[in-house]
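Here is a friendly walk through one protein model, from its overall fold down to a single side chain. Please keep the structure open as you read.

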Amino acid sequence: VRSSAASDVYKRQDSCIRLIAEHGQQLFADYRKRLMDFYGKTAGLKYLHVMQEEDLDTGEAFDWDDSKLVIFADRAGMTGDELHQILLKKYHLQMEMVSGYYVLGMTSLMDEDEGLERLAGALHEIDAKVQEDISNGSKILNHLPDDGMYHSFIEKIYQLSLIHISE
């Protein structure tokens, strides 16, 4: 007897509910640690920027969801699509969304250390390559913020859209 597709879905849902009921506290604690480790490892990037909670102004968002990894590429002289293509083709890392000057990676409870470590490592390699290209004169960056700081998320997106339109 063959089970229906709906029956298979219900079985998987039951399995997920049981997993969370039995191990949820530890799973979420481990997930939180993985995310905090990732944010710590990527905080020192010079040209790429992984959005942090402090990048959001209280008027811009209801809350912060650190499971969504917003990675800005504009300081590296790249578009979001260019960063996406590098991550995909060279590092085999698939982002969920691409926009003008950033990519979005979505994480979940089931992500493992290896995936987030690979992403952090890839971002560091790309950042170092940008530094190398600047040092040897093969890359010139424009439009760096005067103070080197990231301002509010909404202001940043607005400024980048004006830069893109003027080019």
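## Helix packing

Angles under 35 degrees count as roughly parallel, over 145 as roughly antiparallel, 65 to 115 as roughly perpendicular and the rest as oblique. Axes are lines fitted to C-alpha atoms, for helices over the stretch in contact, and angles run from 0 to 180 degrees between N-to-C directions. In this predicted model, α1 and α3 pack at an angle of about 10°, their axes lying 10 Å apart. The two helices, α1 and α3, are therefore roughly parallel to each other. On the α1 side the contact (heavy atoms within 4.5 Å) is made by Arg34, Leu35, Phe38, Lys41 and Thr42, and on the α3 side by Asp113, Leu116, Glu117, Leu119, Ala120, Leu123 and His124.

## Ground rules and confidence

Residues are numbered from 1 along each chain as its sequence is written. Local features need pLDDT of at least 70, side-chain atom pairs count only at pLDDT 80 or more, totals for chains, interfaces and linings use all residues, and side-chain values use heavy atoms, with hydrogens and water left out.

The mean pLDDT (the predictor's confidence in each residue, from 0 to 100) is 85, and 81% of the residues reach 70 or more. Over residues 145-149 the pLDDT is below 50, and this stretch has three contacts in the model beyond near neighbours in sequence.

## Overall fold

Four helices and four strands make up the secondary structure; helices (H or I, at least four residues) and strands (E, at least two) are DSSP runs, numbered from the N terminus. Along the sequence they follow the pattern α-β-β-α-β-β-α-α. Of the contacts between residues at least 6 apart in sequence, 68% join residues at least 24 apart.

Buried means under 20% relative accessible area, exposed over 50%, partly exposed in between (1.4 Å probe, protein chains only).

Beyond residues up to four places away in sequence, Phe38 touches Val50, Leu69, Leu116, Leu119, Ala120 and Leu123.

## A look at Gln131

Is Gln131 buried, exposed or partly exposed? Gln131 sits in helix α3 and counts as partly exposed, at 29% relative accessibility. Leaving aside neighbours within four places in sequence, Gln131 is in contact with Lys46 and Tyr47.
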